[in-house]
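Reader: I have a structure to look at and a few questions to ask. Can we go through them one by one?

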Amino acid sequence: LGGWNDSLGDKYSRLVNNPAARQRFIKHVMEFLAKYDFDGLDLDWEYPKCWQVDCKKGPDSDKAAFGAFVKELKEAFIPKGYLLSAAVSPNKIVIDAGYDVPVVSKYLDWIAVMTYDYHGQWDKKTGHVAPFYEHPEADVNYFNANYSIHYWIAQGADRRKLILGMPLYGQSFQLENSANTGLNAKAPGPGQSGEFTGAAGFLAYYEICDNIKNKGWTVVQDPYRAMGPYAYKGNQWVSFDDEDIIRRKSEYIKAMNLGGGMIWALDLDDFKNRCGGGRHPLLSVIRNVLASPGGEYSTETITKVPDAAFTKPSPALPSSVEPLPFPSAPPQSTSTATPLVDTDSEFKMVCYFTNWAWYRQGVGKYLPSDIDPDLCTHIIYGFAVLDGDQLIIKPHDSWADFDNKFYEKVTAFKGKGIKVLIAIGGWNDSAGDKYSKLVNNPSARRRFIAHVVDFIEKNNFDGLDLDWEYPKCWQVDCTKGPEADKQAFADFVTELHAALRPKGLLLSAAVSPNRKVVDAGYDVPTLSRYLDWIAIMTYDYHGQWDKITGIAAPMYAHPEDEDVTFNTNFSVNYWINQGADRKKLVMGLPLYGQSFSLADNSNHGLNAPTYGGGEAGEETRARGFLSYYEICTNIIKKGWNVVRDKKFRIGPYAYLRDQWVSFDDAAMLRYKSEYIRNMGLGGGMVWALDLDDFKNICGCENYPLLRTINRVLRNYKVPDPQCQLGVDQPPSPATSSPKPTESWQTPKPQPPWQTEKPHTEKPTSRPPPTTSLPCDGRLFVPHKYNCNQYYLCNQGHLMVQNCPTGLFWNEDHCDWPENTKCHPDATTTEVSLSSPVIEQTTPRPYKPGTVDDTFDGTYKVVCYFTNWAWYRQDAGKYLPEDIDPRLCTHIAYGFAVLDPNTLTIKPHDSWADIDNEFYARVVKLKSRGIKILIALGGWNDSLGSKYSHLVNDPNARSKFVDHVLGFIEEYGFDGLDLDWEYPKCWQVDCNKGPQSDKQGFAALVTELSFAFKQKGLLLSAAVSPSKTVIDAGYDVPVLSQYLDWIALMTYDYHGHWDKQTGHVAPLDYYPGDAYDYFNANYSVNYWIEMGASPSKLILGVPFYGQSFSLADATRNGLNEKSYGPGEAGDYTRAGGFLAFYEVCERVKRRSWTVTRDPLGRIGPYAFSGNQWVSYDDIAEIRRKSRFIKDHNLGGGMLWALDLDDFKNTCGCGKYPLLTTLNNELRGVPMEIDLENCT
């Protein structure tokens, strides 16, 4: 139903936006399908909101209405067994505007993505009809099938429901100048109509192949293989897909585990064999590829690896095809008349040669003669060393270097056009202080430089590679070296450059990937300016020293990572954002693996306990280390099991009994090489030549890894044998730690949550724009709402860009938040720990005297009232009459609970709620202009499956909605606050709940919203700050659309469950925190990034502290060991927890010591003896209030009213924290002018 022409005008919009019209349509279409005996309906409205691609034409409501239409159609179709599908846009902008992706993915049987017509006559210049991958000459980086598919998946589409569209036609153009026949050539009009199709700008495949075969058209294949061919003759030009690109797209469908392929259209293929390739040549290719086995991920346990573990599939069975995010370089036939590589390639291939590998026996012996000169642009000879007495360079092994003439033999490759450098340093030579002594002594530097120039020239090298590991952080210990190392090393590099450059000598350095080492040891802008390249050693992130299994060289963060900065993508982007020129960055690629000995043979997944390094290899003879040729031998000959990550976040790992190794195989290195190319880096570096399978003992090819890299970066022409190592095993399921539970009266503490850093499947530094704005002479423009984003002028239009996670935009670069205007402490300077800095701002004017004036409608202050605090004794007792109505715009009454039998709402404590009339006493505050909601759930009530049963059962949801409306009306509430902790991740364990919880919860929210809106009732939810929980449990765009606000519980990031001290609610990352995403700033921005409207986000602030009992009372800082929760408070009586009034009493009357962060990244902590507590004081509440304003959030939420100093126990006035929040957000005056109460 539909199509381009029928999508003209507003009729589809009128249909979907009218519930009565939808029902009439559904009834009629069911009769239509039955009458004509169809199996179902395919929706081809082009497009919701963006009528015929114009997103200005349609109303915003099209998006949700189309989702509702699809849902209602499917619900009507199911009893009849009818199918429901849709043909959808590949354009990111249309997807965002017109499709509620999770909803359409849930209810459609498949989604046919029309991945064609990216370019056509309308562009007024030539372009390909259906690019496969991003092309170097593309104007828009998301106009390609690969991007579109990944974007649909990223927005929530089930990949098994995605159908890749393939065109059996071409888009044709009339060239302005018949001599200019390439891509992007000016084309003022459409190509001439075909003999049979009769449409200008369009040719069927059978017309194209006839033009080529019989009419002399010239065909041009894309050397990057990013798109299909184009053909031209005279001023006529056409782009199309041929059998090869159709085959590759079909293989991509299998490799990406998509649902299948779609073609437009049957009548456009050569269905009558006009060109001699058989009938339906293109469709036959698709059929042959997709009909062959091997497309799905196997979950069966395979205990025996076939003898031929390296398989070379036939063209019809490409079992080794990988779901690459970018195209690989084309395999071409070998020719002795031409170079095997593209000699004009812009990418370096830096290869380390080690002068000790020749001492190995047997197949591991590696000599200069084993070097393949076609595979390297630069060779680094490793190593020379630093003479500890004279501080000058000297040979490491004169027997190899001179007596056996290795220097001479390796530098002889200069005759092949390769640059050969001598490397100084390495891990072992970096022990001790000698390099620090050298760089910090100007006269020693001068002496070294004079000597090294002579050394280089005498031994015929082309330059020097510096491999000191590392300035300031000697062998990764940043406490060993002086801070002066950083500047001194920069000075050293500057001076070396000045001496080497006039002689035409090169200068490079191998550097750390570790953020802490980069910060401590490298003046990045200086190194980038004076080094010819910077080789980042993006490997050895994990190894035997961790005592648990880990991946040697992760590409991206993985859900099971303990430190999400430990991956290649983060390291590369961090170097760039510290000032490195990306064209000078050379990315390290390991040709070896890190190995481990498992503590438990049955626990062989990631992060499994180990008792040491793996057994030494037969050739390399180093425990915890295996060359690639030793790894592939173990897999082929010894039957090691192989596990791969299908998302390519990490390379594979292999195991057998208690032996375990992580490594990069050819597929992973192909992926990383594509990343290098598409990030615009300077090239790749390998450690090391002698570790690849250079003698082909595993039966694939010589140097299988290094050749793979060269195929991508330098168009290496030896055909790819497409070997896959081993047989994949399913990954081991992650084990979850038991979570602590609390007594029913404990206020909302949550156990820790596991999370991962956001990453993109597609490594690119140029995210697609969400809008197109003119530059108006500006190069950079800050994003109006998102501190993490900015706009870059690109070809006259502003394109949105992202800073790396944790960094904010600062005028013309990405920077630490505290240095930017987006940060609430942007103007502060470091002061003593006892004197926090508070930026003074002018609050909104407060006008006392009338109820209506207590809230100006801008910021919400959402106050949680707890119905158990009245059971506390004496000063801790809290009653409804203790609420100060000036200080809340909304009150959430906590809690009602869910009846597990009827799945309906009921009071939690009828003695308080009804018999003591707490419901009525709190609701009475409505007369003061406050909105009162009943909160359902809480930590304890979220135990078990009852909420999941509710949301996943449409009938139960309908019953719940009807019942809760009656409940709210009966007790006089203004709405409902949902506090299920959490969909899919029940009490933070994401292994407990079904995936359907996410959509089920969204459906409950949607249905509640529709019912509530008609009665003027409010609907809100308290939600998790954890990325993992957000991803698993929340359909963020739907929640943002249908909830009146979303209260982020941005607290309990740390607590006694960590077994070490930590702050309850960090505002920003604090150096030393194990995770740089355990903070409110990250959580807020992630919710926004996932689609939440900032104005609907309410920032949670705690009016309590998390307390700890220290293991050692003398070690009382952050991240110190604790043996359990702190002692219970006098009134709250919960171990590990203190109300703010209990904290301030300890500080004021018991002389606890207080420590503050002068930059306000975290609130204070206090300690006495072995007792320790972290909390938020007045200054931190003020900072968070300003954060709310600076980020245009909807307001603040507090847990909870009874935990502030509501009786002025500490002499800071009543409700010092809540009054501060109101003073900043609403202009309520402060009773006492204090920076802090403790």
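This is a predicted model: local features need pLDDT of at least 70, side-chain atom pairs count only at pLDDT 80 or more; totals for chains, interfaces and linings use all residues.

Reader: In E10, which residue is the bridge partner of Tyr230?

Author: Tyr230 belongs to E9, which spans residues 230–233. Look across to E10 for its partner. The bridge partner there is Ser239.

Reader: Which residue in the turn between E9 and E10 has a positive phi?

Author: E9 and E10 form a hairpin. Two residues lie between the strands.

Reader: Which residue in E9 does Val219 stand opposite?

Author: Strand E8 (residues 218–220) pairs with E9 in the antiparallel sense. Three bridges join them. Opposite Val219 stands Ala231.

Reader: How many degrees does the twist average from one strand to the next?

Author: Follow the sheet in its order, E1-E2-E3-E4-E11. From one strand to the next, the twist averages 25 degrees.

Reader: Which helix packs on the sheet, touching E4 and E11?

Author: E4 (residues 162–167) and E11 are joined by five bridges and run parallel. In this pair, Ile163 stands opposite Gly260. The helix touching both strands covers residues 243–255, and its direction makes about 180 degrees with that of E4. It is H8.

Reader: On to salt bridges. Is Asp210 buried or exposed?

Author: Asp210 meets Lys215 in a salt bridge (3.6 Å, N to O). Lys215 is partly exposed, at 37% relative accessibility. Buried means under 20% relative accessible area. Asp210 has 8%, so it is buried.

Reader: Does Arg1161 count as buried or exposed?

Author: Arg1161 forms a salt bridge with Asp1157, the closest N and O atoms being 3.0 Å apart. Asp1157 is buried, at 4% relative accessibility. Arg1161 has 11% relative accessibility, so it counts as buried.

Reader: Which residues do salt bridges with shared partners join into one network?

Author: The structure holds 50 salt bridges. Some share partners and link up into one network. Its members are Arg670, Glu701, Arg707, Arg711 and Asp720.

Terms used:
Residues are numbered from 1 along each chain as its sequence is written. Side-chain values use heavy atoms; hydrogens and water are left out. Two strands pair if DSSP finds at least two bridges between them. Helices (H or I, at least four residues) and strands (E, at least two) are DSSP runs, numbered from the N terminus. Axes are lines fitted to C-alpha atoms, for helices over the stretch in contact, and angles run from 0 to 180 degrees between N-to-C directions. Contact means heavy atoms within 4.5 Å. A salt bridge is a side-chain nitrogen of Lys or Arg within 4 Å of a carboxyl oxygen of Asp or Glu. Buried means under 20% relative accessible area, exposed over 50%, partly exposed in between (1.4 Å probe, protein chains only).
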